Amino acid sequence: MMLVNRLLSASVTGLVAVVIGFASSAALIYQTVITLGGDVSLAASWILTLGLSMGLTSIGLSLFYRVPILIAWSTPGAALLITIGQGFTLNEAIAGFIFSALLIFLSGITGWFEKLSNKIPFPLASAMLAGILVNFGIDVFNQMNNEPLLVVAMFVTFLIAKQIMPKYAMLLLLLSSIVMAWQLELVALSELSLQVSEFKYISPEFNIKALLGIGIPLFIVTMAAQNLPGIAVLQAHNYKTPVSSILSVTGLVNVLTAPFGGYAINLAAITAAMCMTEEVDKDPGQRYWSAVFAGGFYMLMAISAAYLMAVFSALPSALIYALAGIALFTTITSSIEQALSDKKMSEAAIITFLVTASDISLWGGSSVLWGLIAGCTTLVSQNSFGKIQNRKALKKKRPD
C-alpha cells in the first residue's frame, strides 16, 4: 500500500509538472514556428519531437542517477527566437539550433560549465532560484484581478487540501479547478477533433549569419536562463549530479533532433522544483520517480501534440498561471530560507534575488544572468573590503 501511495504521489506530481510546462509555453513554440514561416502542422511536429526527446532523456537520466532529473524545452529560448527569428529562414534557423546544441555538448564533455557552476555560493544559487520563482507565486494573486471567483476558489481549495490530504493537494486542485472553470463557462472545447502529429524534416542551411544570429544567442540563453537555474534547483534540494554528463546527453540529443524542430532541450528548473518537494515523497532518494513519470507523460503529450495544443488553448490562462504559482509555494519558501541561511552572504543573496526577479535585460543578458553577476560582485566587494579592514587593524596592533 505504501508503494502504491508513493507511485501515485509521484505520478500526480509528474502529470502536474508536464501540464504546467506544456500549457505555459506551447503558445510560444507555436508563435516561434509562425515567425520562422511555418504552420500549425509544423508546430505540432516540433512539439512531437521535443516531447519525445524530453521524455526519453528524463526517464533515462532519472533512472540511471536515481535523481529527479527533469528535462524541458527552453522557454526563454522560444521567446528569444520570436524576437530574433524575423529575417531568417526555417533552414537557417535549424542550422542555428544545431550549432547551439553542439556548443552545449562541448560544454558538457569539457566540463567547464560544471566547474563554473560549482564555484557559485549555495546561498546565491538559492536566491537566484527564488528570484526566478517568486513572480510565479505573485501571479497567483495577480490573476485574481482577471478571474476572481476561479482563482480565489483555487487558493482556498489548496489551503484546505494541504491540511487534509497534503500528498494529493495538487491533484485535487487540478481536477477541481477544471471543474470550476467549466461551471463558470470559462472552458471552450468547441471545434475539437482528433489529430495526429507527424515528424517533418527540415534541412539545415549553414552560414555565418545563422550561426552568430541564432546559434550563439540561443546557446547563451539556454545555458544562463535554463541550465544554470536547473543546476540551482538540484543543489537547493541537496542532489549531487554529474552536470557535465547531463549536458553531454542533452546536447547530443539536441543535435540529432534539431532538424525536426528540437530547437533546445535543457535541465528544467521551475517544473523540476515541483518534483523535488516533500509532497512527492518524504524520502529524497525516491523522488526521482516523479521525473520518470513526467517523462512518460511527456511522451504521451508528444504523441497527441496536435490535439493537446487545442485542448490546453481552451483552458483559461488564469487557471494555468494560478496552478503554476500555487505548485511552487513550498519551493519558494525553502529557497528564500536557504538564501538567507548564511548571514555573511545575506545582503549578496538579497541583491541576487531582487535583480533576478526584475525585468532587467541589459545588453541582451537575462535577469537570471545579471542577478548572479550582481550577487557575486556584491560578495567579492564585501570580502575585499573586509580584507582591507583586517589588514588595517593588524597594522594598528603592530608595535612601531
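Predicted model: local features only at pLDDT ≥ 70, side-chain atom pairs only at ≥ 80, totals over all residues.
1. Let's start with the cavity. The structure contains one cavity of 30 Å³ or more. The volume of the largest cavity is about 210 Å³.

2. Which elements give two or more residues to the lining of the largest cavity? They are helix 1 (2-35), helix 7 (148-164), helix 8 (169-183), helix 14 (317-327) and helix 15 (329-339). Helix 1 supplies the largest share of that lining, with four residues. Sorted by class, the lining of the largest cavity comprises 10 nonpolar, four polar and three charged residues.

3. Next, helix 2 and helix 12. The axes of helix 2 (residues 40-65) and helix 12 (residues 288-303) come within 7 Å, and they cross at roughly 160°. Angles over 145 degrees count as roughly antiparallel, so helix 2 and helix 12 are roughly antiparallel to each other. The crossing of helix 2 with helix 12 is left-handed.

4. On the helix 2 side the contact is made by Ile47, Leu48, Gly51, Leu52, Met54, Gly55, Leu56, Ser58, Ile59, Ser62 and Leu63. Their partners in helix 12 are Tyr288, Trp289, Ala291, Val292, Gly295, Gly296, Tyr298, Met299, Met301, Ala302 and Ile303. In the contact of helix 2 with helix 12, 16 residues are nonpolar, six are polar and none is charged.

5. Helix 6 (residues 122-142) packs on helix 14 at an angle of about 130°, and their axes are 7 Å apart. Helix 6 is therefore oblique to helix 14. Helix 6 passes helix 14 in a left-handed crossing. Helix 6 brings Phe136, Gly137, Asp139 and Val140 to the contact, while helix 14 brings Tyr321, Ala322, Ala324, Gly325 and Ile326. The class count for the contact of helix 6 with helix 14 is six nonpolar, two polar and one charged.

6. Is helix 7 roughly parallel or roughly antiparallel to helix 14? The axes of helix 7 and helix 14 come within 10 Å and cross at roughly 25°. Angles under 35 degrees count as roughly parallel, which means that helix 7 is roughly parallel to helix 14. The crossing of helix 7 and helix 14 is right-handed.

7. What does the contact of helix 7 with helix 14 look like by class? The contact has 10 nonpolar residues, with no polar and no charged ones. From helix 7, Leu150, Val151, Met154, Phe155 and Phe158 take part, and they meet Ala318, Leu319, Ala322, Leu323 and Ile326 of helix 14.

Technical notes:
Residues numbered from 1 in each chain as written. Heavy atoms only, no water. 1 Å grid on protein atoms, 1.4 Å probe; cavity = no way out; pocket = protein on both sides within 12 Å on 5 of 7 lines; lining within 4 Å. Points joined across faces, edges and corners; volume = space filled by probe spheres on them. Nonpolar A, V, L, I, M, F, W, Y, C, P; charged D, E, K, R; others polar. Axes fitted to C-alpha atoms, helices over the stretch in contact; angles between N-to-C directions. Parallel < 35°, antiparallel > 145°, perpendicular 65-115°, else oblique. Left-handed = near helix turned anticlockwise from the far one by under 90°. Contact = heavy atoms within 4.5 Å.
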